[in-house]
Structure formats: structure tokens, C-alpha cells
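Q: I'd like to learn how to read a model like this one, feature by feature. Can we walk through it together?

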Amino acid sequence: MIAQLTLIERQHAIMISAAIALLGGLMILAGRDDLMGVHGALISAASIIMIFRIGGSYYAPPPSEDRLRHYYDDPSKVGIVLSMMWVVVGLAVGDWVAWQLVNPDLTFGAGWSSFGRLRPVHTTSVIFGFGGNALIATSFYVLQRTSRARLPDQVTPWFVLFGYNLFCLLAVTGYMMGITQSKEYAEPEWYTDLWLVVVWVTYFILYLRTLARRKEPHIYVSNWYYMAFILVVAMLHIVNNLAVPVSIGHAKSYSAFSGVQDAMTQWWYGHNAVAFFLTAGFLGMMYYFLPMRAGRPIYSYRMSIISFWGITFFYMWAGSHHLHFTALPQWVQTLGMTFSLMLLIPSWASAGNVLLTLNGAWDKVRDDATLRFMMVAGVFYGLTTFEGSFMAIRSVNSLSHYTDWTIGHVHAGALGWVAMITFGSIYACVPWLWKRERMYSPKLIEAHFWLALAGTVIYVFAMWNSGIVQGLMWRTYNESGTLAYSFVDTLVAMHPYYIARAVGGLLFLIGGCLGAYNVWKTIKLPGTAAEHAGDLPQHVVLGAGIPQAAE
Amino acid sequence: MIVEHAFLVGFSKSFGLFYLIALSVAVAIHAMKPSNKQRFDEAARSILRDEAEPWR
């Protein structure tokens, strides 16, 4: 990989790594009496390892000009491998905390393994580690192909990818040490947040630079979704994390917002993170890999445009539905509820687009587990967005909020939509990237598919039951007008569902492990199909039909 | 400058409503305009062209 870099690029990479190592050194000095010093050491160590990695191949012969004739796919390859590593870690920690809820002794008494610390490790690993790496990797892949242009240089994509993983690592290790600013999905402290801003702005500029070099006049819809994902996440991240640190050598900071403003800013961030991190980016993935894998264009390109702008207009305002019955002004709550309902239009337009694209190709869905992953993702996307709009209605929310129903809803989206579309896209893209005929084992993909689907269904049904039981018990009164059940009564009632949820999660985890193994074995497969497998081995392998008209 | 609560509410209830409606109408017209149909169909098919290399 380093041999692909030109001498100048190797030098740039070393200089950037050295600058980051220096920054880590300064953090060790400034934060020597604080946990921040530990993170300084981690940053320095990571960048010094990087310098040695590059240095080891520094004198390798320079790459030939021939490299410019091909897309630059090395960062995508590494991104996919990292993504599969994060998913195994993230799902394993997730299942561990699920069992902790069944049996609290499973923390084994350590501080770092308490539920409150491991739970954000789970969410960050799966959302940012798994999802984020998959988004970065596929965005580079899709961007180059739909623009028919190569990435403008070979250092920036690595900076984005490794810089982003450094962010994830700082976040996750921080939680276990107790570093958190207690904002859901935005837990990392100020210096980690600043680092992500640098990485993210670089990512956006890289995207724009590549688009500026495009040879295809039209910007394909996937790129719009990916760009919305990058741009809006930057905006959300910067505003929600505005904070003042206690001192420059101290990890702790205080938010610039307080009270209900803080809550509103947090849920403006939180819900738009769902919208633009967990939806827009993955829709970008879907709008490229689904037509490619099915061998037919998207059913309605017009519908994809309408849903793109619908999502960008409406989602921005939906966050306040997280704050029904709070100190937030009633009209802001109503606004959030109304926009959440309107979101059904763009959401179902995309979900419908998935199913209508596959309409007429159901034989492929039956035979090809990879395509089936994408189909099921579309179905769960439709179901979850319907459920989300429904739960945002104030009277429904009075029952569902603060209960496990919310957890069920989130996982229907995260497991059913986000993870399924990602696994489908990865299974489609790995053979194309590594120039293999196909994945190492189609049987393992099949097994992964059924484990993932069974795990998701068990998880979601367990949490629906648990949530509604919990919500109803909380609002049941006896004749004298006092609450009929104590909090502990509800815990006892939820216990069986917690066991079911942990079992569902375990199935999903086993599926993820099979996926990681399958990807690894595919990479290690001897012999490439490079001679006849271009970017579209799909056509070669299946002899897929001629693309049909879009509408 | 102090922005009154009532002003903000009034602004978001009036302008906020209409600019979103206007944007939605504009997008719907852009997407559904018959003269754009060919462009969009072409775009939908563009990714399926079998090309393994960037254009130079």
C-alpha cells in the first residue's frame, strides 16, 4: 500500500504523522495530571507506529504512472476491513451489556466494565466504528466510479480514514476511563471533538475536490446523499459540541448551552445524527449498490431526488419530538411531531424505490443472499420510519418514551436497515475491490443473512413487548389513585424479554463474525479474476440482463 | 440586540412555513418536469455502464 505512494506523498504522510505525534506529546505534557495525558500517549504511539510503517517502505521503488489509470481503492479496502473489525467488537460489547441487564453481576465489579461506560462503547463502536468506516470506504468507492474520476491525491484519503479511526479509538478508550460529556452519541470530550472537526472538514474538501474533477456531467444521487451526510454531520457536530474546557490540560469541559436549550441542541443533534449519519449516508450506499447488484437501474430516479430534498428539509426540524412533555415550549414540540409525520413521504419514497427496483427481479433476490440483505434493509427502512413517525405523535410518545420500545425502534433501524444495507454492500463490493470472482463462501453469506434476520426479529419483538408492558405498568393506577406497580415490579416483568433480547443480539453477533471471516477469506483467496473482472463482475458472473428503462 | 420570543415564534410560523413549502414545490417541479426525464433516466443508467477505469 505504501509502495503505491509517490516519494513526495510518503514524505507528506511522515510529516503529518510527525505533527500529530508532536500534538500527542504536547497533550502528555499539558495533561500530565489528568486522564488527557493517557490519550496524549495513545495519539503519540499511534502516529509513531504510522511513521515507522511508512519509513519501512520509504525506499521502495516509486509507483508507475500506470496507477493513474485505475481508481484509488486501497483506502476503501482498509476501510472495509476496519469496519468489519469494529462491528465484531461493537456487537460483542452490545451483547455483553444486554446480558448485564439480565444479570447485573456480569460487570465483574470493575469500573470500566460498568453498564454506563460499556453502553457508549457499544454505540460508538457500531455507529461510528462500523457504520462510519463503511460509509467512508464505500463513499470513496462510489464517488470515483460515479464521477469517473480518480481521487485527487493518495494522502488525504488515508488521513481521513486513519484520523477517523483515531477519533473512534480515543472515544471508546475515553469512556472506559470515565471521560464523557454525557451527551448521547456525542460523548467524546472537547479535544477528541476538535480532532474530528479537522478530519471531517478534510473529508468534505476531499469529496468536493474529487467531484470537481468528475468526467460525468451529472452528479449521481448517491453522491448527494453522501455529501449531505458529510456536510450536515460537520454542522451538527460543531454546534452540539460547543464547550469550554476546565483548562487546556484537562479533559473535562462544560457545554456552551444549559437547561432546555442544551436539551434542544442535543436532540437537534441526536435526531439529525440518525437522519444524516444513519440514513442519508446509507441511502447513498443503497442507491449505488442495489442497482449494481440487481443489474438494473433504480426504479425512479425522480423519486430519489424528491426523497433526498424531503429528507434534508424535514429531518432538521424533527429533533424536538424527543422532548415531548418537557420544559421545551409546546409549539416546538408540536413542530417536531408534525415534521416527523411529514418525513413519511421521503422515507417511503426511498423504501418503495428499493422494492420497485427489485420488482421483476425476485428470482435474483431468492437466489442471492447479498441482494436479499439489501431488500430486507429496504423493508426495515420502511417499517422503522413508519414506526418513528408514529412514536413521534405526542399521545403515542406518552406511552413509548423512556421505555424499551425506543430501544426496539432504534435497533429495528440499526440492525434491520443500517447493518443489513452495509453487509449487503460489503458483500457486493469486496469481490469487486479485490478482483475476485465472488465471495469466499456464498453459504456463509446465506447463514449470515438468516442469523441477522432472526436476531433482528427476536430483538425487536422482545423490546416491543417489554416496552409496552413497561409503559402500561408505569401508568396503571389502583382504586385509591396511586401507582399500582413499583419500579422493581416492572424490572421483574421485563426480565424474560431481556433474556430474549440478549439471545437475539447473540445471533446477530454470530452472523457478524461469519461475515468478518468470509471477508477475510475472500481477501486471502489465491488467484485473482483481474483479467476478466472489471468493476462489474456481476455482469460476468450472472450474465445479468440488459439494463431496463428507469420508469 | 435582543430578539423577542414572540418575534421568533411569529417568524418561524409565517416565513418558516412558506419557505419550506416553496422549496418543496420547487423540488417537485424540478423532479417531475417532463424535459428533465431523459436526463434522469440517463443518470439512473449511467452507473451500470461497464467501465473499470477513470476517464482521462
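A: Let's start with domains, whose bounds come from an automatic or database domain assignment. For chain A that assignment gives domain 1 (1-61) and domain 2 (74-542). A word on the source: this is a predicted model, where local features need pLDDT of at least 70, side-chain atom pairs count only at pLDDT 80 or more, and totals for chains, interfaces and linings use all residues. Residues are numbered from 1 along each chain as its sequence is written, while chains are lettered from A and ligands numbered from 1 in the order in which they are written.

Q: How many residues of domain 1 of chain A are in contact with domain 2 of chain A?
A: Two residues are in contact if their C-beta atoms, placed from the backbone, lie within 7 Å. By that rule, 17 residues of domain 1 of chain A meet 16 residues of domain 2 of chain A. The centres of the two domains, taken over C-alpha atoms, are 30 Å apart.

Q: Which elements give two or more residues to the domain 1 side?
A: Elements here are DSSP runs numbered from the N terminus: helices (H or I, at least four residues) and strands (E, at least two). On the side of domain 1 of chain A that touches domain 2 of chain A, those elements are α1 (7-30) and α2 (36-56) of chain A. α2(A) gives the most, with six residues.

Q: Which residues of α2(A) are buried?
A: Buried means that 20 or more other C-beta atoms lie within 10 Å of a residue's own; exposed means 12 or fewer, and partly exposed is in between, with C-beta atoms placed from the backbone. In α2(A) the buried ones are A:Met36, A:His39, A:Gly40, A:Ile43, A:Ser47, A:Met50 and A:Ile54. They cover an arc of only 110 degrees around the axis, so they sit on the same side of α2(A); the arc is that of the directions from the helix axis to the C-beta atoms. The general idea is that an α-helix has 3.6 residues a turn, so residues three or four places apart point the same way. On the other side of α2(A), A:Ala45, A:Ile49, A:Phe52 and A:Gly56 are exposed. The cover over the buried residues of α2(A) includes α1, α5 (156-177) and α6 (190-212) of chain A.

Q: What span should α2(A) have?
A: The expected span of a helix is 1.5 Å times one less than its number of residues. The 21 residues of α2(A) should span 30 Å, and its end C-alpha atoms are 30 Å apart, which agrees. α13(A) is mostly covered, with 17 of its 23 residues buried.

Q: Is A:Tyr402 buried or exposed, and what is its phi?
A: Most residues other than glycine have a negative phi, and most peptide bonds are trans. A:Tyr402 has a positive phi, near 70 degrees. A:Tyr402 is in the loop between α14 (394-400) and α15 (404-433) of chain A, and counts as exposed because 12 other C-beta atoms lie within 10 Å. A:Lys435 also has a positive phi, of about 55 degrees, although it is not a glycine. A:Lys435 is in the loop between α15 and α16 (442-474) of chain A, and with 18 other C-beta atoms within 10 Å it is partly exposed.
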